[in-house]
Amino acid sequence: MRTAVPAVGALLIVSGSLFLPVSVHAQEYATPYGPSSQDAVNRMIKLAALRDGDVVADLGSGNGQIIIAAARSNPKVRGWGVDLQDWLVKTATEEAAKQGVADRAQFTQRNAFDVDLREVSVVNMWLFANLTRLLRPKILAEARPGTRVIVNGQLIGTDNILGNWQPDFIDREGTSPIMLWIVPAKVEGFWSWELPLAGTSQSYDLIMQQQFQVAEGFARVGNRRETITDVKLRGDELSFLFELTLTGVGRTRHEFVGKVNGDQIKGTVKVAMPDGKTAEVPWSAKRTASSGWFRPTGIDVR
Ligand SMILES: C[S@@+](CC[C@H](N)C(=O)[O-])C[C@H]1O[C@@H](n2cnc3c(N)ncnc32)[C@H](O)[C@@H]1O
């Protein structure tokens with residue numbers, strides 16, 4: 001299933017459970033139809049940890065089994081699937097009606113590249129890796145932070161499915177690996193905030209650098225700088241810490257926990273003070289166009 005298939009004429013790929021020739025003019029690589037195994041469907045639904053209000057999409061929905069299973073698993077979940085092949089859209093629509101979930105499981109003949117991912121909270125795929133990879137820019141541009149992306153690794157394995165964006169988790173318990181990615185918030189850039197501490201107001205500058213869900217950062221308070229550690233970015237949830245000497249306060253340890261919302265982070269910070277006491281105060285950071293990190297430092301050697 002790894003082979004790139006040119007989009008010319010009718011294709012016949014007989015590979016494991018994949019079958020049916022399909023003429024595809026819409027893309028370089030065709031992924032033929034084959035239903036995920038029942039075991040894979042069950043584990044994809046389980047890994048999605050569906051909750052009330054979830055909207056699930058299947059990009060290349062085939063017979064609709066994943067969306068139908070999602071809708072059946074929770075009456076407050078709805079979903080939709082798209083497929084290039086009209087007969088599969090028809091089959092899926094009929095099956096949803098048969099199973100009594102037609103109002104919450106809808107199917108359309110559409111190219112996966114043309115859908116709107118802004119409203120979904122779960123994206124399922126089982127396509128050639130060439131295609132899942134090409135869908136990555138769309139997922140990262142449109143899907144909200146926290147959106148779960150689930151890929152069935154049946155026949156395609158686990159390598160390079162979304163390029164260098166590594167899965168957050170791989171379930172290897174069943175007949176095929178099932179991968180999970182959580183769409184990370186965009187934290188790359190400059191952030192700043194103020195904190196009232198020990199009767200003083202301290203100004204903080206943070207530089208964040210990010211590759212998908214892996215983020216690093218560098219903080220400056222006054223003229224001191226430190227690398228932040230224990231950085232965790234999961235969806236819109238960000239946490240990190242650093243230890244730093246603050247002018248007029250002394251040696252401190254800061255532990256930040258917050259939610260990223262566009263150009264704002266809101267949360268709390270626990271500050272362990274030099275006297276052993278810990279203060280917990282609200283934390284509100286703003287993304288900025290430039291950073292105080294780069295201000296001159298001077299040669300004060302105290
Ligand atoms: C391997 S099947 C997976 C079916 C279903 N998701 C499942 O796991 O049971 C892949 C499906 O994707 C469809 N497909 C391939 N490229 C597509 C595209 N660009 N947009 C929409 N559907 C596509 C194929 O027609 C096929 O039905």
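**A walk through a predicted chain**

A residue is called buried if 20 or more other C-beta atoms lie within 10 Å of its own, exposed if 12 or fewer, and partly exposed in between, with C-beta atoms placed from the backbone. Asp205 sits in strand β9 (residues 200-211). Not counting residues up to four places away in sequence, Asp205 touches Ser192, Arg220, Ser291, Gly292 and Trp293; two residues are in contact if their C-beta atoms, placed from the backbone, lie within 7 Å. Asp205 and Trp191 are 14 residues apart in sequence, with 5.9 Å between their C-alpha atoms.

Before going on, a word about the model. It is a predicted one, in which local features need pLDDT of at least 70 and side-chain atom pairs count only at pLDDT 80 or more, while totals for chains, interfaces and linings use all residues. Residues are numbered from 1 along each chain as its sequence is written.

Now step back to the whole chain. It holds four helices and 16 strands; helices (H or I, at least four residues) and strands (E, at least two) are DSSP runs, numbered from the N terminus. Taken along the principal axes, the C-alpha atoms fill a box of roughly 75 × 40 × 35 Å. Of the 302 residues, 38% count as buried. Among contacts with a separation of 6 or more, 54% come from residues 24 or more positions apart.

Next, look at helix α1 (residues 38-48), whose axis comes within 10 Å of that of α2 and crosses it at roughly 50 degrees. Axes are lines fitted to C-alpha atoms, for helices over the stretch in contact, and angles run from 0 to 180 degrees between N-to-C directions. The two helices α1 and α2 are therefore oblique to each other, since angles under 35 degrees count as roughly parallel, over 145 as roughly antiparallel, 65 to 115 as roughly perpendicular and the rest as oblique. Val41, Met44 and Ile45 of α1 meet Gln65, Ile66, Ala69, Ala70 and Ser73 of α2. By class, this contact has six nonpolar, two polar and no charged residues. Here Ala, Val, Leu, Ile, Met, Phe, Trp, Tyr, Cys and Pro count as nonpolar, Asp, Glu, Lys and Arg as charged, and the others, Gly among them, as polar.

Within α1, the buried residues are Ala40, Val41, Arg43, Met44, Ile45 and Ala48. Their cover includes α2 and several strands, among them β1 (55-59) and β4 (122-125).

What surrounds the ligand? The shell has 25 residues, and the closest are Tyr33, Ser36, Gly60, Gly62 and Ala112; a residue is near a molecule if its C-beta atom, placed from the backbone, lies within 6 Å of it. Helix α2 (65-73) and strand β2 (78-83) each give two or more residues to this shell. The shell divides into twelve nonpolar, eleven polar and two charged residues.

Finally, let's visit two more residues. Phe256, in strand β14 (residues 250-261), is buried because it has 25 C-beta neighbours inside 10 Å. Phe256 and Val269 are 13 residues apart in sequence, yet 4.4 Å apart in space, C-alpha to C-alpha. Most residues other than glycine have a negative phi. Asn160, however, has a positive phi of about 65 degrees. Asn160 lies in the loop between β5 and β6 and is partly exposed, with 14 other C-beta atoms within 10 Å.
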